[in-house]
Amino acid sequence: SARLHHGAAIIGGAFWELRKRMMNKYGDAGHEKAAALFFSHLKEADSYLASYKIVQRLADDDNNTTTRHSDWCLINHAFSVKGLTKEDPCTDDFVTSSAGADSKIFAALGESANINVTPLTISVGLDQAHTVKICEGRESCSNPSAVQVQSAAGEFKIFAPATVKADDGLLYNAEVFDGAGRSVGRRIIKFSKK
């Protein structure tokens, strides 16, 4: 029937958008992640209108559906394109991993007149945070950009932006140090084309 076809076109479009966004974030592994969510959700969905909530629950990575998981915004954006949820203008798309203390480390991209570089600002909710060192790659490097606290609001400290190359798929790590130079947390950031 026409109604069934209409629903299939909407959900197919939403999952195609999800696949594209996941491949931007995870590379080839994104295809597998999107496919796994699609096939798992089919076991539960009795209507395409339920798909968004089912996929968000399936993607949950801490067994707590009241907190947002690491792909929450990405899934929200993919399904909002097809009108299956209201768009939330959040940005987990750039962050690929966090664990433990790292969950209090956030990254934000700024605007730059130079299309080859972008300011990357780190905010940290760790009391002992004193300096952030940012460098290209997944691991600590010998020549990082070190940035100091620019402002503090409540428990959060905002560090002065570091200017980095913003190539699609490029990985950065932001490592947070206390006043004695000990590492207190780290976050991996990946640039993805929107």
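This is a predicted model: local features need pLDDT of at least 70, side-chain atom pairs count only at pLDDT 80 or more; totals for chains, interfaces and linings use all residues.
Five aromatic pairs were found in a search of the whole structure. One of them joins phenylalanine 15 and phenylalanine 38 in an edge-to-face arrangement, with 4.9 Å from centre to centre and 75° between the planes. Phenylalanine 15 belongs to helix 1 (residues 2-26) and phenylalanine 38 to helix 2 (residues 29-42), so this pair ties together parts that are 23 residues apart in sequence. The two rings are also described by their accessibility. Phenylalanine 15 has a relative accessibility of 7% and counts as buried, whereas phenylalanine 38, at 25%, counts as partly exposed, because the buried class is limited to values under 20%.

The pair of tyrosine 52 and phenylalanine 79 is tilted, because the ring planes meet at 55° with the centres 5.8 Å apart, and the edge-to-face class requires an angle over 60 degrees. Tyrosine 52 is located in helix 3 (residues 51-59) and phenylalanine 79 in helix 4 (residues 72-80); the pair therefore ties together parts that are 27 residues apart in sequence. Both tyrosine 52 and phenylalanine 79 are buried. Together with Phe39, the residues Phe15, Phe38, Tyr52 and Phe79 make up one aromatic cluster.

Charged side chains were also located over aromatic rings. The charged end of arginine 68 is placed over the ring of tryptophan 72, at 3.9 Å from the ring centre. Over the face of phenylalanine 177 lies lysine 133, 4.9 Å from the centre of that ring.

Phenylalanine 177 falls within strand 8 (residues 171-177). Of the seven residues in strand 8, six are buried, so the strand is largely enclosed by the rest of the structure. Strand 8 pairs with strand 4 (residues 131-136) in an antiparallel manner through six bridges. Within this pairing, glutamate 175 of strand 8 stands opposite lysine 133, the residue that also lies over the face of phenylalanine 177.

Strand 8 and strand 9 form a hairpin with five residues between the strands, in which glycine 181 adopts a positive phi near 85°.

Conventions: Residues are numbered from 1 along each chain as its sequence is written. Side-chain values use heavy atoms; hydrogens and water are left out. Rings of Phe, Tyr and Trp (its six-membered ring) pair if their centres lie within 6.5 Å; planes under 30 degrees apart count as stacked, over 60 as edge-to-face and the rest as tilted. Helices (H or I, at least four residues) and strands (E, at least two) are DSSP runs, numbered from the N terminus. Buried means under 20% relative accessible area, exposed over 50%, partly exposed in between (1.4 Å probe, protein chains only). A charge sits over a ring if NZ of Lys or CZ of Arg is within 6 Å of the ring centre and within 35 degrees of the ring normal. Two strands pair if DSSP finds at least two bridges between them.
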